[in-house]
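The following note sets out several points on the model shown below. Please read it alongside the sequence and the coordinates.

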Amino acid sequence: MFIKIFTVFSLCISLAGCASATSTEEAAAPERAHLSGYDTGLQIDEIDVRETEFGALGTIAEIGEETYFNADDGIAETADFAVYFTPVRITTTAGTDDAPADYWVVVHSDYSPKLDVSLLDVGDSIVIIGDDLSFDRGTGVMLHGFRYLAVIDESTNVANGIKEADEQAIDVDLFRESFGLS
Amino acid sequence: MKIRILISGLVVVFTAIITASPANAYVTFGRVWSSTAGVKTPYAYTGNMPSSLISTLSAANLAWDGISGSALNTGTVSYVPSANTYANAPFKIAYSNIQNSFAIDVAGLTQSTAGGNSATVFLNSTWSWGSVQNSNLRKAHVRTVATHEFGHAYGLDESDRDSNVTASELAAVMNSNDVVKYIPNSDDRAGIAYLY
């Protein structure tokens, strides 16, 4: 019995060793910078579109591979670290006048409050409050930031934000009204 | 039989992992600074930081100094005219366009790595800085945001990110809920005492 238990523990330790070895190999990629923002998330009683933003309804058209930008891409102060993100392409179905028709957004990987890109799938209907400005981050396309990105639950007509701090299940009609679409 | 033993073994392993985790209310993402030796001094550069902010930023960093149960020592901001000195400092605070740099439009942002022994706090230069805190209006209360960001620079995470948020976590400096507050409360202090 003791030998069997010892075997089990040896197996666990070996597996842990394999995991460590894998992590070591992956460490060749630039070190991940953790970004922590003073970010309140979007709350239901504060739905608005700032002068520097656009608001839109749309569809997820494409989700790229995770990549990163660093000082080489024009980021001051970040020489030692890389900022990882997943580029996501969105097509607009309706929005404020300044909403781009087809554009990419940056979904940061290591950000507090957490952004969960796994909640997005190609074909999902979404609500976004995005930044008007866009930047090249070494991907060859212009990328927009966003303050709010949510997947619409078509069955209940509510938006569920992908940011941990966002209030959940916000009626999509509130966004339509805010964006001047109703 | 083998399966039962395997399951028992895994239960033992997982139990050990769970019991090793601290049962604390505060939220951290890991100690940023490996040593508590010396005073943690943020460097600001005269080329990108208004002098009017320096005394408030110093007060914000000093809020994390001398916390009971912690060996962390924090100091006033070192306001240097040398770009080289600033560039080589492990702990920086900058007044710059966060949106331009990171594609994130927030009042303050901290870049760090657990165990990395470096951190940079950014204050968004495109926001209005003064005595009002209102993210919707892009207005930032200097001491509130700076104290919060320095908390990140030491390894504290947003205080309301665990599954069972307490009143203390909601009232913490590390809760970015648009309320003016810059004195670390019991939750903030417990987090620092745990890390350092």
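1. Between chain B and chain A there are 15 residue pairs in polar contact, both residues at pLDDT 80 or more; a polar contact is a pair of N or O atoms within 3.5 Å, where within protein one must be able to donate a hydrogen and the other to accept it, and residues adjacent in sequence count only if both atoms are side-chain atoms. The largest share of the side of chain B that touches chain A, six residues, comes from helix 1 of chain B.

2. This is a predicted model, in which local features need pLDDT of at least 70 and side-chain atom pairs count only at pLDDT 80 or more, while totals for chains, interfaces and linings use all residues. Residues are numbered from 1 along each chain as its sequence is written, and side-chain values use heavy atoms, with hydrogens and water left out.

3. The rule finds one salt bridge across the interface, the criterion being a side-chain nitrogen of Lys or Arg within 4 Å of a carboxyl oxygen of Asp or Glu. The partners are A:R50 and B:D105, with the closest N and O atoms 3.9 Å apart.

4. In contact terms (heavy atoms within 4.5 Å), 48 residues of chain B meet 41 residues of chain A.

Notes. Chains lettered and ligands numbered in written order. Helix = DSSP H or I, 4+ residues; strand = E, 2+ residues; numbered from the N terminus.
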